[in-house]
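User: Please examine the structure shown here and answer a series of questions about its fold and selected residues.

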Amino acid sequence: MRRIVMMIFRNLIYVPYMWYQLCYHASHVEKYTEKEHFKLLKYIVYRANKGGNVTVKSYGIEHIPKENGFMIFPNHQGMYDVLALIATMDHPISVVAKKEVANIPFLKQVFACIKAKSMDREDIRQSMRVILEVAQEVQKGRNYVIFPEGTRSKKGNIIGEFKGGSFKTATKAQCPIVPVALIDSFKPFDTKSLNKVTVQVHFLEPILYEEYKNMKTNEIAMLVQNKIQDTIKKYEKKVN
């Protein structure tokens, strides 16, 4: 969290304006388009990264589907993950997040702007309702992020087991699945170091519905997990 303090300190002249704008957008969600919300969030993340000595490098942007209505499944390293995705994408995205993080200051406002869904993993009915709602929104052209590990790995670039249930939304929406490998995304907020850090975001080739429609969700989970793990092993020591 020391880096967050540095981000704020180095952006003192911008913080009041950015915080006001973020809170206003979060409180008047319907007043702005998703692109307008996303433009503000990208600017805030840009300022935060500049002040916090964080560089985000993206690879495979060409793999992001041209048509909206897809789902992104990244490995989960920490609180910075969503910001890394916002920094690298031009497509507005939303997130399915566990309810425990829904009321964390700043994340709460960000989630409001992107109309994120909060899931209670201990409430099966509520979880299924969220899955159905997200599937319907994806079919209508919204893009969602789900972290299939369910919680951050806490082991750096070593990923945890991907849960098959995380992919039920994609199977119901019959949409492209975009695996994303996050490398060193835990370093900005989950370490005490203030040294310069480079976060890598690798967008892998999308898996189309025709390719996974006959697979079980646990098989899809293993496929995506292996693709992401192989990418991390290949690139974690390379920062170009």
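This is a predicted model: local features need pLDDT of at least 70, side-chain atom pairs count only at pLDDT 80 or more; totals for chains, interfaces and linings use all residues.

Buried means under 20% relative accessible area, exposed over 50%, and partly exposed in between, with a 1.4 Å probe and protein chains only. Helices (H or I, at least four residues) and strands (E, at least two) are DSSP runs, numbered from the N terminus.

User: How many residues of strand β6 are buried?

Analyst: Strand β6 covers residues 177-183. The strand is largely enclosed by the rest of the structure, because the buried residues number 7 of the 7.

User: Which residue of β6 is the bridge partner of methionine 71?

Analyst: Two strands pair if DSSP finds at least two bridges between them. Strand β2 (residues 71-74) pairs with β6 in the parallel sense over 4 bridges. In β6, the partner of methionine 71 is isoleucine 177.

User: Which residue in β7 stands opposite leucine 182?

Analyst: Strand β7 spans residues 197-203 and pairs with β6 in the antiparallel sense, over 4 bridges. Opposite leucine 182, the residue in β7 is valine 201.

User: How does the radius of gyration of the chain compare with the globule rule, and what is its value?

Analyst: The chain contains 10 helices and 7 strands. For 240 residues the globule rule gives 18 Å, and the radius of gyration is close to that, so the chain is as compact as a globular protein of that length. The radius is taken over C-alpha atoms, and the rule is 2.2 Å times the number of residues to the power 0.38. The radius of gyration of the chain is 17 Å.

User: What share of the contacts with a separation of 6 or more comes from residues 24 or more positions apart?

Analyst: Contact means heavy atoms within 4.5 Å. Buried residues make up 49% of the 240 residues in the chain. Among contacts with a separation of 6 or more, the share from residues 24 or more positions apart is 75%.

User: How far apart are the mean positions of the positive and negative charges?

Analyst: Lys and Arg count as positive and Asp and Glu as negative, with His and the chain ends not counted. Each charge is placed at NZ of Lys, CZ of Arg, CG of Asp or CD of Glu. The chain has 37 positive and 23 negative charges, and the distance between their mean positions is 6 Å.

User: Is aspartate 81 buried or exposed, and what is its relative accessible area?

Analyst: Aspartate 81 lies in helix α4, a helix that is mostly covered, with 7 of its 8 residues buried. Leaving aside neighbours within four places in sequence, aspartate 81 is in contact with Asn75, His76, Phe147, Leu182 and Ser185. Aspartate 81 is buried, with a relative accessible area of 0%.

User: What is the relative accessibility of alanine 87?

Analyst: Alanine 87 is placed in helix α4 (residues 81-88). Not counting residues up to four places away in sequence, alanine 87 touches Lys42, Val45, Asn49 and Val56. Alanine 87 counts as partly exposed, at a relative accessibility of 27%.

User: What is the phi of phenylalanine 106?

Analyst: Phenylalanine 106 is found in the loop between β3 (94-98) and α5 (107-113). Phenylalanine 106 is partly exposed, with a relative accessible area of 28%. Although this residue is not a glycine, its phi is positive, at about 80°.

User: Where is lysine 115 placed, and what is its phi near?

Analyst: Lysine 115 sits in the loop between α5 and β4 (117-119). Its relative accessible area of 33% makes lysine 115 partly exposed. Phi is positive in this residue other than glycine, with a value near 55°.

User: Which residues is arginine 10 in contact with, leaving aside its neighbours within four places in sequence?

Analyst: Arginine 10 lies in the loop between α1 (2-9) and α2 (15-27). At 45% relative accessibility, this residue counts as partly exposed. With neighbours within four places in sequence left aside, the contacts of arginine 10 are Gly51 and Asn53.

Methods
Residues are numbered from 1 along each chain as its sequence is written. Side-chain values use heavy atoms; hydrogens and water are left out.
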